[in-house]
Amino acid sequence: CRAALGCRKIVEQISEKWVSEGKMPFNTRIGLHTGSAIVGNLGSSDRMNYTAVGDAVNLASRLEGVNKIYGSSVIVSEETYERVKSEFVFRELDTVAVKGRQQGVKIYELVEEKGVEIDSDRLDFIDKFNKSLEEYKRKNWLVAEELFESLNKKYPEDLSVQLYLKRCQDFIASPPGLEWTGIFSIKTK
């Protein structure tokens with residue numbers, strides 16, 4: 001998580017420099033998951049590659065792509081979150097089933113290391129987002145819609161707020177059945 005935050009900081013600095021030079025911003029996304037993997041040189045004597053393979057690697061790779069949906073830069077799985085939640089500030093984002101998996105995994109946005117000063121507006125946003133998300137998970141679509149709408153007015157650039165606002169509106173118009181689990185299926189990589 002510290003390495004991911006360090007990468008994010010450097011990428012932000014590069015992006016600011018590029019934009020000031022009239023270039024396109026530079027963005028990157030990171031997915032973190034904790035689990036077993038095979039790591040080392042794989043291949044043949046003609047073509048050798050140092051790599052990591054396994055289900056944990058695949059999930060981390062899928063989470064990297066999921067950042068696009070939520071407008072985040074670093075997403076961690078619940079397994080990673082549980083190991084480091086006392087050391088970092090997170091925002092719960094969702095429970096998702098990524099491509100190639102049926103089972104849902106709770107995902108979190110890595111915000112910052114604890115002890116590092118975080119803008120009070122950002123902390124207020126996280127608190128309000130969490131309250132809105134709880135109403136959503138309770139199937140209180142009208143309340144959740146109102147809360148997400150309020151957040152959207154103040155933070156119109158946040159894709160996760162827009163995503164939940166749209167979901168609430170869809171569920172108000174056409175409520176999901178009893179089989180609704182709250183798991184959002186992601187069909188793309």
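Okay, let's start with helix H2, residues 55-70: 16 residues, reaching 23 Å from its first C-alpha to its last, close to the 22 Å expected at 1.5 Å a residue. Keep in mind that this is a predicted model.

So which residues of H2 are buried? We've got Ala56, Leu59, Ala60, Arg62, Leu63, Gly65, Val66, Asn67 and Tyr70. And what do those buried residues pack against? Quite a list: strands S1 (30-32), S4 (74-77), S5 (88-97), S6 (105-113) and S7 (184-185), plus helix H6 (159-173). Just after H2 comes Gly71, with a positive phi of about 70 degrees.

Next, the other pair I wanted to show you. Helix H4, residues 120-137, packs with helix H5, residues 141-154, at an angle of about 160 degrees, and their axes are 8 Å apart. Angles over 145 degrees count as roughly antiparallel, so that's what H4 and H5 are to each other. The crossing of H4 past H5 is left-handed. On the H4 side, the contact includes Phe125, Phe129, Leu133 and Tyr136; on the H5 side, Trp141, Leu147, Phe148 and Leu151 are among the residues involved. By class, that contact has ten nonpolar residues, six charged and one polar.

Zooming out, the protein chain has six helices and seven strands, running α-β-β-β-α-β-α-β-β-α-α-α-β from the N terminus. The C-alpha trace spans about 60 × 45 × 35 Å along its principal axes. Of the 189 residues, 37% are buried. And for contacts with a separation of 6 or more, 61% come from residues 24 or more positions apart.

Note on methods
Residues numbered from 1 in each chain as written. Predicted model: local features only at pLDDT ≥ 70, side-chain atom pairs only at ≥ 80, totals over all residues. Heavy atoms only, no water. Helix = DSSP H or I, 4+ residues; strand = E, 2+ residues; numbered from the N terminus. Expected span 1.5 Å × (residues − 1). Buried < 20%, exposed > 50% of the residue type's maximum accessible area, 1.4 Å probe, protein only. Contact = heavy atoms within 4.5 Å. Axes fitted to C-alpha atoms, helices over the stretch in contact; angles between N-to-C directions. Parallel < 35°, antiparallel > 145°, perpendicular 65-115°, else oblique. Left-handed = near helix turned anticlockwise from the far one by under 90°. Nonpolar A, V, L, I, M, F, W, Y, C, P; charged D, E, K, R; others polar.
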